[in-house]
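Please view the sequence and the model together before turning to the points below.

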Amino acid sequence: MKNILIVEDEPDIQELLCAYLRNAGYAPVAAGDGVAALELFRSQPFDLVLLDIMLPKIDGFGVCELIRRQSQIPILMLTALDGEDEQLRGFGLNIDDYVTKPFSMPVLLEKIRVILRRSGGAGEETRLRYRDLALDTDTREVFLEERPLELTAKEFDLLHTFLAAPGRVFTREILLAKLWGYDFFGDERVVDSHIKNLRHKLKRDYIETVRGVGYRAAKETG
């Protein structure tokens, strides 16, 4: 059973989340502020953190930053803030995804399921497969038609980002925040350069350009 730390200061939402996750087969533990969340996180193991941004004592960004200093546990941010700046800041702190209030419980559960599967917990598959590609998240190896493919660290991270969420479009800004850091002040065209090199090594168009928006790995059909 997966243990989930819920960090939410609104009692009604906290109670609803706990009940829904418990019914879905998870073991939720709740905290109502940032300090209590960190104390719980340090006192017992968790598989995922469901983290609100607007919290008393320490906000969600602060909690996330402190957790990231010691752990790469999956973090799903739950927030009423849907502006791009907040999303970029969150991805800069290496969160896994966002859910914006008001949210759908079935959608939230699906995001949790996908993130937990992607994180490669004990006994779970750690190799992502996409067409003729295989990406091993433990060894950071990539295979094309079963042959090893030499990628740089950033190329691997880009490919992992796309293959972990096929069909999802990532803007250059989101990719910069997620892989280069929220405070990166270089030219955003560095993303285009890395993707160009990655496409050259793949020798096939696994990564699509969504004109005027960003990039994605197309969903597989059939």
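Strand S11 and strand S12 (residues 214–217) pair in the antiparallel sense, with 4 bridges between them. The model is a predicted one.

- S10, S12 and S11 form an open sheet of 3 strands in the order S10-S12-S11, with antiparallel pairing.
- Strand S10 (170–171) and strand S11 (207–210) are the edge strands; each has a single partner strand, so one side of each has no neighbour in the sheet.
- S11 and S12 form a hairpin with 3 residues between them, and in the turn Gly 212 has a positive phi of about 80°.
- S10 pairs with S12 in the antiparallel sense over 2 bridges, and Thr 171 stands opposite Gly 214 in S12.

**The sheet of 4 strands**

- A further open sheet consists of 4 strands in the order S6-S7-S8-S9, again with antiparallel pairing.
- Its edges are strand S6 (127–130) and strand S9 (147–149); because each has a single partner strand, one side of each is left without a neighbour in the sheet.
- On average, neighbouring strands of this sheet are turned by 25° against each other, direction ignored.
- Strand S7 (residues 133–136) and strand S8 (residues 141–144) are joined in the antiparallel sense over 4 bridges, and Asp 136 has Glu 141 in S8 as its bridge partner.

**Helix H6 and the two sheets**

- Helix H6 (residues 153–164) lies across S6, S7 and S8, and runs at about 110° to S7.
- H6 also lies across S10, S11 and S12, where the helix runs at about 65° to S12.

**Asp 52**

- An unreviewed UniProt entry places the feature "modified residue: 4-aspartylphosphate" at Asp 52.
- Asp 52 lies in strand S3 (residues 48–52).
- Asp 52 counts as buried because its relative accessibility is 2%, and the cut-off for buried is under 20%.
- Apart from neighbours within four places in sequence, Asp 52 is in contact with Val 7, Glu 8, Asp 9, Gly 60, Leu 78, Thr 79 and Lys 101.

Key
Residues numbered from 1 in each chain as written. Predicted model: local features only at pLDDT ≥ 70, side-chain atom pairs only at ≥ 80, totals over all residues. Heavy atoms only, no water. UniProt positions renumbered as here; feature names shortened; annotations may be inferred. Buried < 20%, exposed > 50% of the residue type's maximum accessible area, 1.4 Å probe, protein only. Contact = heavy atoms within 4.5 Å. Pairing = 2+ DSSP bridges. Axes fitted to C-alpha atoms, helices over the stretch in contact; angles between N-to-C directions.
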